[in-house]
Amino acid sequence: MIPRQLQKKIQDSAKKAPVVTLLGPRQSGKTTLSRAAFPEYKYINLEDINKKQFALEDPKTFLESLKDEKGVILDEIQNVPDLFSYIQVHVDETKKKGFFILTGSQNILLSQHISQTLAG
C-alpha cells in the first residue's frame with residue numbers, strides 16, 4: 001500500500017469521535033486505508049448481500065452483534081442508509097470513541113434522511 005498522510009489523521013480522529021467517515025469515489029482506496037489504519041477492527045462489507053440483508057432487516061440486532069468488537073469498519077454504508085439512526089443511538093448509549101469507521105462511495109451526506117440523522 002502507498003503510505004497515506006490521511007492514515008494518521010483518521011486514527012487521531014478515532015481517538016476523539018465515536019464515528020469516522022471516509023467518503024470518496026469508487027476504487028479510490030477508502031477500504032484499503034481504513035483496513036490499514038484499523039487492522040484489529042472487524043470489517044463488514046455492506047455490498048455482501050447477506051450482510052446487507054441482515055443490516056436492512058434487523059439493524060438493531062445487526063449492531064448488537066458487534067458490541068464485543070474493538071471496533072467496526074462498515075464499508076459501503078450508503079447501501080443501508082437506515083443504519084445511521086441505529087448507529088446514532090448506539091453511539092449515544094455506549095460512548096465508545098472510534099468504534100465505527102464508515103466508508104461510502106456516494107455523497108451520502110446529500111441524502112435528506114442521513115442529513116437529519118447526523119444533525120445531532
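1. Both faces of strand E4 are covered. Phe100, Leu102 and Gly104 are buried on one side, and Ile101 and Thr103 are buried on the other. Buried means under 20% relative accessible area, exposed means over 50%, and partly exposed lies in between (1.4 Å probe, protein chains only). In a regular strand, side chains alternate between the two faces of the sheet. Strand E4 spans residues 100-104, and five of its five residues are buried, so the strand is largely enclosed by the rest of the structure. Helices (H or I, at least four residues) and strands (E, at least two) are DSSP runs, numbered from the N terminus.

2. A word on the basis. This is a predicted model, in which local features need pLDDT of at least 70 and side-chain atom pairs count only at pLDDT 80 or more, while totals for chains, interfaces and linings use all residues. Residues are numbered from 1 along each chain as its sequence is written, and side-chain values use heavy atoms, with hydrogens and water left out.

3. Which strands pair with E4? Strand E1 (residues 19-23) runs parallel to E4, and five bridges join them. Strand E3 (residues 72-75) also pairs with E4 in the parallel sense, over three bridges. Two strands pair if DSSP finds at least two bridges between them. Ile101 in E4 stands opposite Val20. Ile73 also stands opposite Ile101. From E3 the chain crosses through helix H5 (residues 83-94) to E4, and this β-α-β crossover is right-handed. Right-handed means that, with the strands pointing away from the viewer, the path from the first strand over the helix to the second runs clockwise.

4. Now the charged pairs. The structure holds five salt bridges. A salt bridge is a side-chain nitrogen of Lys or Arg within 4 Å of a carboxyl oxygen of Asp or Glu. One of them links Lys15 to Asp12, with the closest N and O atoms 3.9 Å apart. Both residues lie in helix H1 (residues 6-16), three residues apart, about one turn of the helix. Lys15 is exposed, at 62% relative accessible area. Asp12 is partly exposed, at 24%.

5. Arg26 forms a salt bridge with Glu47, the closest N and O atoms being 3.9 Å apart. Arg26 sits in the loop between E1 and helix H2 (30-37), and Glu47 in the loop between strand E2 (42-45) and helix H3 (49-57), so the pair ties together parts that are 21 residues apart in sequence. Glu47 is partly exposed, with a relative accessible area of 42%.

6. Lys70 forms a salt bridge with Glu40, and here the closest N and O atoms are 3.8 Å apart. Why does this pair tie together parts that are 30 residues apart in sequence? Lys70 lies in the loop between helix H4 (59-64) and E3, whereas Glu40 lies in the loop between H2 and E2. Lys70 is exposed at 58% relative accessibility. Glu40 is partly exposed at 41%. Elsewhere, salt bridges that share partners join Lys8, Asp12 and Lys15 into one network.

7. Two backbone angles deserve a look. Phi of Glu76 is near 65°, a positive value in a residue other than glycine. Glu76 lies in the loop between E3 and H5 and is buried, at 8% relative accessibility. Phi of Lys95 is near 60°, again positive in a residue other than glycine. Lys95 lies in the loop between H5 and E4. Is Lys95 buried or exposed? At 60% relative accessibility, Lys95 counts as exposed.
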